[in-house]
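Good morning, everyone. Please bring the structure up on your screens. I'll keep this short.

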Amino acid sequence: MSGPAAGTARAATTTTDVVCLGESMVTFLPSQPGRLADVPSFGRGIGGAESNVACALAAAGHRVAWVGRVGADGFGDHLVETISGYGVDTSAVRRDPARPTGIYFRTAADRGTGMHEVAYYRAGSAASAMSPENMPYEHLLAGRVLHLSGITAALSADCLALLRDLTAPRAGRPLVSFDVNHRPHLWRDGDASVLLELARRCDLVFVGEDEAEETWGIVGAEAVREALPEPSVVVVKRGSAGATVFSSGRHPGARSANAEGADTAPTAPTAPASPAVAFGPDTVTDVPALRVDVVAAVGAGDAFAAGFLSATLRDLPVRDRVRHGHLMAAAALTAPGDLADPPARDHADRLVALDDGAWGRLRLGPGWTAADRAPEEVRTP
C-alpha cells in the first residue's frame with residue numbers, strides 16, 4: 001500500500017530503527033586536484049545525504065532502511081547494491097523505467113573554497129518523481145525514526161508535497177528527524193523559506209548556523225530556536241565552534257539499545273498526533289567540536305546527524321549525543337569520499353565519556369577510527 005492513506009497506524013513494535021528517505025546519486029570523484037576541465041579520470045562512488053546517514057547508522061550497528069527511487073539502469077543497480085552492502089535494507093527502493101538515476105561530478109577542493117566545482121546531472125531523475133502517490137508509506141512510517149532532509153524538498157513540487165505529507169500530523173507518526181541541508185543551487189527557481197515551514201513540523205531538527213543566516217536571515221543559535229519553537233530538539237551546528245542543542249522537557253529518544261543495536265524494550269518513540277510543540281523551558285547544551293586533521297571536507301554533516309541519531313536511539317544524555325555526532329563527523333573528515341567507517345561503539349563510548357579537559361585535548365587524524373586504543377593514547381597536547 002502506498003500514498004497518504006497508508007501507515008496512519010503502526011504496530012506497537014518495529015524491527016527498523018531508522019528509515020531514511022531521499023535521493024542518492026552516483027558520484028564521480030577526481031583522480032587528482034584541479035578544475036573539472038583538467039581532471040583526466042574519475043573514480044565512482046555514491047553520494048546522497050539521506051543514504052549517507054543510513055549507511056553510517058548501519059555501520060554503527062543499527063537496523064536501517066533507505067527508501068528512494070532510482071532508474072532501471074546500471075547506475076541504479078550500483079547504488080542499490082552499494083548501499084545494501086553497508087547493511088542497509090533497500091527492499092522498498094522503487095525503480096523507474098522512464099527516468100534515469102542522478103549522477104554528479106566534483107572536484108577535490110573543499111566545497112567552502114572558490115576552487116570547488118560540482119556538476120550535477122539530476123534534472124528529471126527518478127528521485128525527482130517521488131510523490132505521495134508513488135512512495136511506500138507502509139515502509140516509510142515503519143521505523144522508530146524517519147529521517148528527512150531539505151534536499152528532497154528542492155527536487156520537485158511532487159517531492160515537496162511528499163515531505164509536507166510525511167511531516168503532517170498523523171496518529172502513530174514515528175519521530176521525524178529533519179536536516180535542513182540547504183543547497184542554494186537547488187533553489188534557484190524556488191523559495192527556500194519553505195524549509196522553515198518543514199522544520200517546524202518535525203521533532204528533531206539539524207541546522208547549521210551559517211545556513212540559517214543564508215536561508216532565512218536568522219543570526220545566532222538563540223534566534224534559530226526562536227524561529228523553530230515547535231521541535232522538541234533543535235541542534236544548531238556552529239562549525240569549528242561545536243554545536244548548541246536546545247531541548248525541551250520531552251526529548252525525542254528511544255528505549256535503551258544494546259551493543260548490537262537491538263532494543264531492550266520494543267516500543268518506538270512516536271510524535272504526537274498534532275505538530276510538535278515545546279514541552280517546557282529549554283535545556284541548552286553547548287558541546288565544543290574536536291580538532292581534526294581534515295582529509296576531505298565532505299559528508300561531515302550527514303555523519304554528525306548519524307552519530308546524534310545513533311546516540312538518541314540509545315537514549316544517551318544530550319551532551320553524549322552531540323559528542324557522538326562530532327566523532328562520526330571526525331570519521332568522515334579524516335577519510336576521502338562521503339562515507340567512512342565509524343569507530344567501534346565501545347571505542348566511541350570511551351571517548352565520549354572523557355572529561356571536558358581531555359575532550360578538548362583530543363586531536364584526530366586519518367586512521368583514528370581503526371585505532372581502538374585507550375582514551376589516554378589518542379589525546380594530544
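Which residue is the bridge partner of V18 in β9? The bridge partner is V145. Keep in mind that this is a predicted model.

Let's stay with β1. Strand β1 runs parallel to β9, and 3 bridges join the two. β1 also runs parallel to β4, with 4 bridges between them. There, L21 stands opposite V67 of β4. Now look at the two faces of β1. Both are covered. V18 and C20 are buried on one side. V19 and L21 are buried on the other.

Now the whole sheet. Eight strands make up an open sheet with mixed pairing. The order is β4-β1-β9-β10-β11-β12-β13-β14. The edges are β4, residues 64-67, and β14, residues 283-287. Each has a single partner strand, so one side of each has no neighbour in the sheet. From one strand to the next, the twist averages 15 degrees.

Further along the order, find β10 and β11. β10 covers residues 175-179, and β11 covers 204-208. They pair in the parallel sense over 3 bridges. In that pairing, S177 has L204 of β11 as its bridge partner.

What packs on this sheet? One answer is helix α1, residues 49-59. It touches β1 (18-21), β4 and β9 (145-149). The direction of α1 makes about 165 degrees with that of β4. Is α1 enclosed or open? Of its 11 residues, 10 are buried, so α1 is largely enclosed by the rest of the structure. Among the buried residues are E50, S51 and N52. V53, C55 and L57 are also on that buried list. Just after α1 comes G61, with a positive phi of about 100 degrees.

Another helix to find is α10, residues 318-333. α10 lies across β13 (243-247) and β14. It runs at about 35 degrees to β14.

On to the aromatics. A pair of rings is described by the distance of the centres and the angle of the planes. The count here comes to 8 aromatic pairs. Take F105 and Y121. Their centres are 6.0 Å apart, with 90 degrees between the planes, and the pair is edge-to-face. F105 lies in β7, residues 103-106, and Y121 in β8, residues 118-121. The pair therefore ties together parts that are 16 residues apart in sequence. How exposed are these two rings' residues? F105 counts as partly exposed, because its relative accessibility is 22%. Y121 counts as exposed, at 53%.

Now compare that with F206 and F308. Their ring centres are 5.5 Å apart and their planes stand at 90 degrees, so this pair is edge-to-face. F206 sits in strand β11, and F308 in helix α9, residues 300-313. So this pair links parts that are 102 residues apart in sequence. Buried or exposed? F206 counts as buried, at 0% relative accessibility. F308 counts as buried too, at 1%.

Back to F105 and Y121 for a moment. Both belong to one aromatic cluster, together with F28, F42 and F75.

Last topic: empty space. Rolling a probe the size of a water molecule over the atoms shows where such space is left. How many cavities of 30 Å³ or more turn up in the whole structure? The search finds 2. The largest cavity has a volume of about 120 Å³. Its lining includes A60, G307, H324, M328 and R345. P342 and P343 are also among the lining residues. Three helices, α9, α10 and α11 (345-352), each supply at least two residues of that lining.

α4 gives the most, with 3 residues.

That's my tour. Thank you, and over to your questions.

Methods
Residues numbered from 1 in each chain as written. Predicted model: local features only at pLDDT ≥ 70, side-chain atom pairs only at ≥ 80, totals over all residues. Heavy atoms only, no water. Pairing = 2+ DSSP bridges. Axes fitted to C-alpha atoms, helices over the stretch in contact; angles between N-to-C directions. Contact = heavy atoms within 4.5 Å. Phe/Tyr/Trp six-rings, centres within 6.5 Å; stacked < 30°, edge-to-face > 60°. Buried < 20%, exposed > 50% of the residue type's maximum accessible area, 1.4 Å probe, protein only. 1 Å grid on protein atoms, 1.4 Å probe; cavity = no way out; pocket = protein on both sides within 12 Å on 5 of 7 lines; lining within 4 Å. Points joined across faces, edges and corners; volume = space filled by probe spheres on them.
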